[in-house]
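Biologist: I am new to this structure and would like to understand how its terms are applied. Could you show it to me, and then let me ask about the words one at a time?

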Amino acid sequence: GCFAGASAMGKIPEVEKFFTGGNGSSVYYDRGNQSFSTSQIPSFVPGTNLGNLTRSIVVKTTGNVTVDGNISYNNGSMESAGEIPQLVIIANNITIVSNVTNVDAWLIAKNDLATCDVNSSNGSFVNTCRNGLRINGPVMASRTIMRRTTFNTSDPKQAAETVNLRGDAYIWANQLARSAGKWQTVYTTELPPRY
């Protein structure tokens with residue numbers, strides 16, 4: 001339909017219902033109502049290096065998530081769509097710390113997604129949130145609070161915050177949907193032949 005404004009679009013869809021288990025090649029973790037920071041992910045997903053992520057991980061919580069370090073996907077060669085790394089973070093609120101400059105992840109917040117961890121009411125966010133931020137992946141939130149204030153004198157057209165929806169997210173999501181949408185035989189029953 002035609003939307004006259006953002007308020008006419010309604011609530012964000014419940015994407016987390018699609019991620020209910022280890023679909024395809026992704027590793028799934030439901031953290032319940034726990035709040036955590038992304039630097040803690042390697043503690044409950046052993047062998048994970050968020051500076052060079054080589055596998056797909058879905059982390060879901062009804063608590064809050066703080067992105068407290070850069071997250072980067074491995075850019076090495078791959079042989080199939082199932083080898084594409086992706087990190088999906090689903091939380092009540094997501095906050096990105098001011099020193100973070102790159103987030104390769106899906107960020108899905110039921111409420112707020114804040115791109116800097118400083119409250120604007122104290123007036124110090126202009127200097128604290130001056131690092132540029134690039135998010136490579138889908139972003140979905142009821143409210144997005146864009147607080148980065150960087151200004152590059154050599155390139156004044158450069159944005160303080162860039163949200164880049166790359167093709168790898170589409171390819172990975174397509175592969176995931178195909179693997180989750182298979183028809184499987186649940187049981188069989190042999191019947192006597194009819195004469």
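Biologist: Why is arginine 143 called partly exposed?

Modeller: Buried means under 20% relative accessible area, exposed means over 50%, and partly exposed lies in between, with a 1.4 Å probe and protein chains only. Arginine 143 has a relative accessibility of 48%, and therefore counts as partly exposed. This is a predicted model, in which local features need pLDDT of at least 70 and side-chain atom pairs count only at pLDDT 80 or more, while totals for chains, interfaces and linings use all residues. Residues are numbered from 1 along each chain as its sequence is written, and side-chain values use heavy atoms, with hydrogens and water left out.

Biologist: What makes aspartate 112 and arginine 143 a salt bridge?

Modeller: The term asks for a side-chain nitrogen of Lys or Arg within 4 Å of a carboxyl oxygen of Asp or Glu. In this pair the closest N and O atoms are 2.8 Å apart, and the two residues form a salt bridge. The pair links distant parts of the chain, since aspartate 112 belongs to strand E8 (residues 106-114) and arginine 143 to strand E10, 31 residues apart. Aspartate 112 has a relative accessible area of 22%, so this residue is partly exposed.

Biologist: How many salt bridges does a search of the whole structure find?

Modeller: The search finds two. Besides the pair already described, the side chains of aspartate 168 and arginine 166 meet in a salt bridge, at 3.1 Å from N to O. Arginine 166, at 24% relative accessibility, therefore counts as partly exposed.

Biologist: What makes Val139, Met146 and Val163 a nonpolar patch?

Modeller: Patches are made of residues with over 30% relative accessible area and no salt bridge, where nonpolar side chains (Val, Leu, Ile, Met, Phe, Trp, Tyr) are joined within 5 Å and like charges within 9 Å. Valine 139 has a relative accessible area of 31%, so this residue is partly exposed. Together the three residues of the patch have about 230 Å² of accessible area, a quantity that comes from the Shrake-Rupley method with a 1.4 Å probe, counting only the protein chains shown as cover for residues. Valine 139 is found in strand E10, which covers residues 139-145.

Biologist: Which residues touch the most other members of the largest nonpolar core?

Modeller: They are Leu87, Ile94, Val103 and Leu107, in a core of 38 residues. A nonpolar core is a set of buried Ala, Val, Leu, Ile, Met, Phe, Trp, Tyr and Cys residues joined through side-chain atoms within 4.5 Å. Among the elements that give two or more residues to this core are helix H1 (41-44), strand E5 (87-91) and helix H3 (167-180). If contact is taken as heavy atoms within 4.5 Å, leucine 107, leaving aside its neighbours within four places in sequence, is in contact with residues including Ile89, Ile94, Leu113 and Val139.

Biologist: How do you know that E4 and E6 are joined?

Modeller: Two strands pair if DSSP finds at least two bridges between them. Four bridges join E4 to E6, which run parallel, and asparagine 64 stands opposite asparagine 93 in E6. Two bridges join E6 to E8, which also run parallel, with threonine 95 opposite alanine 114 in E8.

Biologist: What does the secondary structure come to?

Modeller: The protein has three helices and eleven strands, where helices (H or I, at least four residues) and strands (E, at least two) are DSSP runs numbered from the N terminus.
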